[in-house]
Amino acid sequence: PGKDGVRRFELSMQAGRTQILAGKQTPTWGFNGTFLGPTLRAGRGDKVQMAVRNQLPEVSTVHWHGMRLPARMDGGPHQPIEPGTVWTPHWTIDQPAATSWYHPHPHGTTAQHVYRGLAGMFILDDDHDLDLPADYGVNDFPLILQDKKFAADGSFDGDPLKGTFGILGDHILVNGTYNPHLTVTTERVRFRVLNGSNARMYNLAFADKRRFHVIANDGGLLSTPVEVETFSLTPGERAEIIVAFAPGEQVVLRTTDNGVDIGKGDFDLLKLIAADDLKPAPDVPARLVPLAPISAPAGAKVRRFRLSGHDAINGKEMDMARIDEVVPAGAIEIWEIENNVYSHNFHIHEVAFQVLETGGSAPPAYATGYKDTVYVPSKSVVRLAVQFGGFTDPASPYMYHCHILRHEDSGMMGQFVIV
Ligand code: C2O
Ligand code: CU
Ligand code: CU
């Protein structure tokens, strides 16, 4: 932060070219560069002041996905940034440590803007005395997963608004790199994994089936680490994991076909090479943070959202002039998301929620923390206990939507205000 206690960030949205495949130049968009954006970082209590400059040839917005903030600062479709102008939202960070992210959100062109490369991670810190790997770029790495299709000339191929899901690419990039490898130098490494894809679901596991710990969901740390062999992320979801390495070994992080329409195909994502000499790392703590369950009071409001086709919620397409739901400040409500056809997921701005059940069963233990985005499998109902914040503004809506961007852009999105 500066002398006045304000942490200032400057982001500039720009078009350019990036070499992603050997010998090819891909036309891309990025923040402060030609592809993706810098990792932003702030801590609880920080005042953040953004300056977001649009140097693109078209209007866009920047949404702080996972951030608890006033609706006018949220960067949804109601905060357009015209080409050549600067948007200056500001707010105070007041939420637990988490891995969140930022990306454009202009209604109808989010899929295209994200696909071209506009996305970045936003790490939030909080005071706790846990001994977790936290040295960015040393034992704490972001992994932004995005699938692309390439045309012969190296440009991104495919129409993110066509077909059932838009883009399901066959080249998976990690932090914008195809076929990457990373040398690790510590016995344990933390990865902050973000599914920044338009539609693809990842079912992450290591080629040697080693077990590892999930320590955080979208909204922050779990109460205890959950040991798994695999976990899944749909677009917009994040998880933090801790993986142990032995000196000199190599292992590949993969995504495996789970038979689901958006989770098809086996792909190698990242080759990890452990140095011959690894710095010792503390054990994964047995307990993480006390996580107060989000529990709805008796008689809490229940709202139901039916996702249909690829363009409607409760039979209605998104209308920027219509407020769909009005929620009292600080409320805890039950939201039920019903899906009768192919896969969707569901993201709610501003909130933290916990998943109560998915298709009649409890969620997997690794997904029981605070979240803001959840997979809604085909032919199922997902029940959420949702904690709303206290920034009232009857004139500025927040969004809820399917985070498969083809669906979001086609109208599978609604608006709520907090009053
Ligand atoms: Cu990540 Cu409404 O978006
Ligand atoms: Cu969001
Ligand atoms: Cu959808």
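One residue and what surrounds it

Modeller: Phe122 counts as buried because it has 23 C-beta neighbours inside 10 Å; the cut-offs are 20 or more other C-beta atoms within 10 Å of its own for buried, 12 or fewer for exposed and anything in between for partly exposed, with C-beta atoms placed from the backbone. Bear in mind that this is a predicted model, where local features need pLDDT of at least 70 and side-chain atom pairs count only at pLDDT 80 or more, while totals for chains, interfaces and linings use all residues. Residues are numbered from 1 along each chain as its sequence is written, and chains are lettered from A and ligands numbered from 1 in the order in which they are written.

So what does Phe122 touch, leaving aside its neighbours within four places in sequence? The list is Leu40, Trp64, Ser100, Trp101 and Tyr102, a contact being two C-beta atoms, placed from the backbone, within 7 Å. Met67 sits 55 residues away along the chain, yet its C-alpha atom is 9.2 Å from that of Phe122.

Phe122 is part of strand E9. Helices (H or I, at least four residues) and strands (E, at least two) are DSSP runs numbered from the N terminus. E9 belongs to an open four-stranded sheet with mixed pairing, ordered E3-E9-E8-E5; strands pair if DSSP finds at least two bridges between them. Strands E3 (40-43) and E5 (63-65) are the edges, and each has a single partner strand, so one side of each lacks a neighbour in the sheet. On average, neighbouring strands here are turned by 25° against each other, direction ignored. The axes are lines fitted to C-alpha atoms, for helices over the stretch in contact, and angles run from 0 to 180 degrees between N-to-C directions.

E3 runs parallel to E9 (residues 120-125), joined by four bridges, and Ala42 faces Leu124 in E9. Leu36 has a positive phi of about 60° despite not being a glycine. For context, most residues other than glycine have a negative phi. Leu36 is buried too, because it has 24 C-beta neighbours inside 10 Å.

Zooming out, the protein splits into domain 1 (6-125), domain 2 (140-279) and domain 3 (302-418), bounds that come from an automatic or database domain assignment. The C-alpha centres of domain 2 and domain 3 are 25 Å apart. Their contact draws on 25 residues from domain 2 and 21 residues from domain 3. On the domain 2 side, strands E16 (212-217), E17 (220-228) and E18 (231-233) each give two or more residues, with E17 contributing the largest share, four residues. That side has 13 nonpolar, nine polar and three charged residues; Ala, Val, Leu, Ile, Met, Phe, Trp, Tyr, Cys and Pro count as nonpolar, Asp, Glu, Lys and Arg as charged, and the others, Gly among them, as polar.

E19 (residues 238-244) is mostly covered, with six of its seven residues buried. Seven bridges tie E19 to strand E14 (residues 188-195), again antiparallel, and Arg188 stands opposite Ala244.
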